[in-house]
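Here's a quick briefing to read with the viewer open.

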Amino acid sequence: MRAQKEQLLFQAMEQGLSGRADEATASLGALESMLDVDAVPEDLGYQLFATAVRHRLAGAGAGSRNPYLHPDASERQIDLFRSLMAHMPLASTADALANAVLESLLGGQEEATLVDVGIGQGRQAVRLLQSLSRRGALPGRLTLVGVDPSGASLAQAEATTARVAREVGASVCFIGVESPVEALSEATWARLRALPGPRVVNAAFALHHVAEAPDSQGPARDAVLRQLRALEPVALVMCEPNTDHFQAAPLERFGHAWRHFTHVFQLLDSLGVPGEERAAIKRFFGREVEDVVGTVDESARCERHETARMWMARLSRAGFEPLELLEHLRPDGVHPALTLEREPGVVGLRWRDEVLVAVLAVKPAPARS
């Protein structure tokens with residue numbers, strides 16, 4: 001049954017891309033007649049992908065927008081993300097690994113700066129402050145720069161970090177920068193370069209949102225990485241899904257998305273998460289599926305994921321090299337379902353035969369003569 005459902009789904013996508021909309025619609029109808037979302041956990045995944053293909057057929061994906069910025073969907077998507085953080089070991093383990101690196105670099109410094117790209121509501125920064133406090137390693141003064149396109153999220157991040165800073169006795173100066181990172185002005189970059197060091201950059205599940213022109217190879221994200229290198233940070237830490245939803249052609253990208261999200265959904269189904277919350281988390285990822293699969297206008301897509309290997313190549317071109325510290329960390333609380341796969345500057349979070357998320361840590365490479 002699973003093989004038949006998968007065959008119909010891929011067939012519909014291929015027919016749609018070939019301009020055979022009626023055949024694609026028939027294939028989707030045959031697939032959907034086989035689904036029982038309430039009784040079969042895996043069927044919600046098929047439904048989410050089928051819906052994305054239908055939207056692509058209708059051209060509805062042409063108006064796709066970032067769900068964190070859409071005023072009607074922003075609160076809901078953030079709520080779903082909180083549920084994901086509570087139940088999905090991929091997110092919590094990536095968070096723990098990234099913060100372990102940040103703690104090692106910032107802990108005990110008299111003065112330091114953390115530039116957090118895509119800070120959201122400050123979730124990771126709060127955990128970092130709390131962990132540094134437990135270790136007795138709070139910096140004497142921390143400048144926290146939150147870069148985010150959502151002014152509402154920045155306001156909450158500032159309020160939340162201020163409250164936690166008071167609770168743990170930390171001295172934190174918050175600077176909010178309301179903008180996509182690729183749209184920062186040269187004056188803003190100059191201001192960031194002037195902040196007190198050591199400077200550390202964090203970007204958790206953020207840089208794949210950098211807007212790019214259709215059919216490009218990623219010049220905007222390359223430019224962002226060069227600007228981050230120009231900050232002369234002691235390190236840059238990133239978390240990213242490990243899949244190619246950017247440079248691959250639409251049918252190939254569909255296959256990558258199916259493999260990636262099917263593994264994510266199967267992992268979730270294995271965890272004993274209550275059914276309602278499990279479905280909510282899948283709907284969170286369903287919005288990413290909609291963007292990757294259902295969007296017709298390539299310039300409107302915001303979920304442009306790349307593999308860890310692709311990111312490391314970009315980072316190398318921008319003047320970074322692997323930070324050995326990451327490879328040697330053994331954080332507490334790694335979920336037994338996950339295996340950590342280590343290579344220079346990268347820790348992959350593997351479930352079964354697939355590395356689903358990667359944590360990357362790099363430092364400025366010596367200037368070439």
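Predicted model: local features only at pLDDT ≥ 70, side-chain atom pairs only at ≥ 80, totals over all residues.

The biggest nonpolar core runs to 74 residues, and a separate one holds 32.

**Helix α1 against helix α10**

- Helix α1 spans residues 2-17 and helix α10 spans residues 250-269; their axes sit 10 Å apart at an angle of about 150°.
- Angles over 145 degrees count as roughly antiparallel, so α1 and α10 get that label.
- The crossing of α1 over α10 is right-handed.
- On the α1 side, the contact uses Arg2, Glu6, Leu9, Phe10, Met13, Glu14 and Leu17, while α10 brings Pro250, Leu251, Phe254, Gly255, Trp258 and Gln266.
- Sorted by class, that α1 and α10 contact comes to eight nonpolar, two polar and three charged residues.

**Helix α3 against helix α11**

- Here the axes of α3 (residues 43-58) and α11 (residues 275-294) are 9 Å apart, and the packing angle is about 30°.
- Anything under 35 degrees counts as roughly parallel, so that's how α3 and α11 are classed.
- α3 also passes α11 with a right-handed crossing.
- From α3 you get Leu44, Leu48, Phe49, Thr51, Ala52, Val53, His55 and Arg56, which meet Ala279, Lys282, Gly286, Val289, Glu290, Val293 and Gly294 of α11.
- The class tally for the α3 and α11 contact is eight nonpolar, four polar and three charged residues.

- Leu90 touches Val264, Leu267, Leu338, Leu349, Leu356 and Val357, leaving aside residues up to four places away in sequence.
- The other core, 32 residues set apart from the largest one, includes Trp189, Leu192, Leu236 and Met238.

**Leu142 in strand β2**

- You'll find Leu142 in strand β2, which covers residues 141-148.
- Its relative accessibility is 4%, and buried means under 20%, so Leu142 counts as buried.
- Leaving out residues up to four places away in sequence, Leu142 touches Leu106, Ala112, Thr113, Leu114, Leu129, Ser171, Val172 and Cys173.
- Between Leu142 and Ala86 there are 27 Å in space, C-alpha to C-alpha, with the two 56 residues apart in sequence.

Definitions and conventions
Residues numbered from 1 in each chain as written. Heavy atoms only, no water. Axes fitted to C-alpha atoms, helices over the stretch in contact; angles between N-to-C directions. Helix = DSSP H or I, 4+ residues; strand = E, 2+ residues; numbered from the N terminus. Parallel < 35°, antiparallel > 145°, perpendicular 65-115°, else oblique. Left-handed = near helix turned anticlockwise from the far one by under 90°. Contact = heavy atoms within 4.5 Å. Nonpolar A, V, L, I, M, F, W, Y, C, P; charged D, E, K, R; others polar. Core = buried A, V, L, I, M, F, W, Y, C linked by side-chain atoms within 4.5 Å. Buried < 20%, exposed > 50% of the residue type's maximum accessible area, 1.4 Å probe, protein only.
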